[in-house]
Amino acid sequence: MMEPNTTATAIEPAVVCRGVSKTFGDGDSKVHALRGVDIEVLPGAISLLVGPSGCGKTTLISIVAGLLDPTDGEVHVLGHRIDAMKSRHLVPFRGENIGFVFQQYNLLPALTAAENAAVPLLVAGWRRGKAVRKAREVLDAVGLADRANALPSQLSGGQQQRVAIARALVHDPRLLVCDEPTAALDAKSGQNVMELFSRVAVQNDRAVIIVTHDNRVFHFGERIFHMSDGRIERVEGRGERGARSGEDIR
Amino acid sequence: MSWLALKMLTGDRAKFVGLIFGVAFSTLLMAQQVSVFIGIVKRSASQIYDVRDADIWVMDNKVRFIDEAPGLPDSDLLRVRGVEGVDWAVKLYKGQVRARLEDGNFRNVMLHGLDDASLVGAPVDFVAGSLADLRRPNAVIVDENGYHYMWPGEPIQIGREFEMNDRRAVLVGVCKVSAPFTTLPVLYTRYNEARHYVPRERNLMNFVLAKPAEGFTADQVAEKIEASTGLMALSKEGFVVKTIKYFLSSTGIPVNFGITISLGFIVGAAVAGQTFYLFTIENLKQFGSLKAMGVSNLRIAGMILLQAWFVGLLGYGIGIGLSALFFEATANIPHLAGIFMGWQAMTGVGLAVGMIVALAGMLSMRRVWVLEPAVVFRG
């Protein structure tokens, strides 16, 4: 097991995982998705979680986002130990503090872009009119002000992902969790989306975790957690990558 | 979140319309069949309802329903009149006879022989002629639907003659009555005329109609009559219930209608349940996203229940509306006359539709309830 990746900075980590394991099934069909993962994710930067399919990226991000319980280990998010949190506390905690961007966007087809972006605010109990007004502001920030009234079916893949990003940011969460946000996009749209993350999502008090296996976007990551077979194999900082040849990292 | 639930529901127009159609069709089927059932059952007692001036029916104590009453000796009338609490009592004959028309055709008819003096039990609503004409020799009155049954396609014409038991009968009036259980014409004549129209029997009178004196209820007097004469005496309502119970227990009506109504329920439950369930399954990712974004299971359940109730309410409204239109459109068709959708049918069907949507909602809710929000991260 790797030692927790601690940094010399005084910044409080947004996410700390210690010895996190996850198994699915039991007996002969038991699958070890995570095997004692230790990570720390700092706010104010994009952290990438990379690795081959089946290495445990999605399981880890699900646990970090409070969507899945670990079999073993501790998960601290924004100072709260969420693996020990009861569901009635965890659900509102997630709604208040975590923003999600999904690979397939998961926009509600019957809602306009602005209404989709307003969903987290509606979940938080905002009135619809006020929530949609706020959502329009965020859509403006992601460059979609003119498409606010369009339905998802009327938007391109890149535009839908930008709506999804607006939805993830509209309630100003302190942790943004993104699963393969560029996987369904062409290279140019993928670059645009990642630039958007760098420009709009990254804030001093917000941590951004992006699961990806798209090495064309690795350079957007401040830190890259390489995963293999349910373990963190290697952690790279931006400086370390700059000294390398760039074969596997951009 | 209610707004969000309804937007999700109505977003896919085709599925939404399918859902509404399923519930509406089921509602229509159930409401229509329940109403026809209630109407037909009520018809079995319609001739009891139509005797408005007497509150007590006295008959042989083995009678099971109105169309199966043997004759009573005339002395029974006097015995009834002698019971304390009886204000007045008159005789009534009611039975089936065969009428031979001018062209030689025969029709079975339901003949009522009314007390000559009082004409108790006579119809009150006339299309042609009047009750006073019934006092003329050989006079008979027929109900409007019965007239068209006896002389199809012909305009109403007073003075027509026909025969019953080889005795001349003259039509002096056409009246409106509640539709009978069978399609037989309902004829009225005086009791003493009926003597000639009915094939010879030892006793003709098969009912005594009575009115309780002031200070007595119909049930009280009926009890006294039974105790005093050994005959069966029932209040009007009691006789209605007895007759309806007979038809329900001794005919295939409840079973046949029950099957159709059950089919309506099953079809409705299957169509609405399956469509709603599929709608939820197709939206699992969306529900998963909402759960990930902090929507609790309880709120999700509320959203699904709201969707289910919205579908139920709309489908029920449309189905009931269509059913009402059906009965409005068929109000003047003799075979469906008097059959309408009452509050009982609307309430019963409403409860059934409520069960359908509740079942559909719960089935769907269970899938969402056990859904792991982490599903949103699975491609």
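Strands S1(A) and S2(A) form a hairpin with 6 residues between them, and Gly25(A) in the turn takes a positive phi of about 75°. The model is predicted, so that local features need pLDDT of at least 70 and side-chain atom pairs count only at pLDDT 80 or more, whereas totals for chains, interfaces and linings use all residues. Residues are numbered from 1 along each chain as its sequence is written, chains are lettered from A and ligands numbered from 1 in the order in which they are written, and side-chain values use heavy atoms, with hydrogens and water left out. Helices (H or I, at least four residues) and strands (E, at least two) are DSSP runs numbered from the N terminus.

In chain A, S1 (residues 15-24) is joined to S2 by 7 bridges, and the two strands run antiparallel. Strands are taken to pair if DSSP finds at least two bridges between them. Within this pairing, Cys17(A) stands opposite Ile39(A) of S2(A), and Lys22(A) has Leu34(A) as its bridge partner in S2(A). Axes are lines fitted to C-alpha atoms, for helices over the stretch in contact, and angles run from 0 to 180 degrees between N-to-C directions.

A further antiparallel pair in chain A consists of S9 (residues 223-228) and S10 (residues 231-237), which share 6 bridges. His226(A) has Arg234(A) in S10(A) as its bridge partner. This hairpin has 2 residues between the strands, and Asp229(A) takes a positive phi near 50°.

In chain B, the axes of H1 (residues 2-11) and H11 (residues 297-329) come within 9 Å and cross at roughly 55°. H1(B) and H11(B) are therefore oblique to each other, given that angles under 35 degrees count as roughly parallel, over 145 as roughly antiparallel, 65 to 115 as roughly perpendicular and the rest as oblique. H1(B) passes H11(B) in a right-handed crossing. The residues of this contact divide into 9 nonpolar, 3 polar and no charged. Ala, Val, Leu, Ile, Met, Phe, Trp, Tyr, Cys and Pro count as nonpolar, Asp, Glu, Lys and Arg as charged, and the others, Gly among them, as polar. Residues of H1(B) in the contact (heavy atoms within 4.5 Å) include Met8(B) and Leu9(B), and those of H11(B) include Gln307(B).

Phe279(B), in helix H9 of chain B (residues 253-282), is in contact with Met8(B), Leu9(B) and Gln307(B), leaving aside its neighbours within four places in sequence. At 3% relative accessibility, Phe279(B) counts as buried.

The axes of H10 (residues 284-292) and H12 (residues 343-369) of chain B come within 10 Å and cross at roughly 55°. That makes H10(B) oblique to H12(B). Leu284(B), Phe287(B) and Lys291(B) in H10(B) meet Arg367(B), Val368(B) and Trp369(B) in H12(B). By class, this contact has 4 nonpolar, no polar and 2 charged residues.

Terms used:
A crossing is left-handed if the near helix is turned anticlockwise from the far one by less than a right angle, and right-handed if clockwise. Buried means under 20% relative accessible area, exposed over 50%, partly exposed in between (1.4 Å probe, protein chains only).
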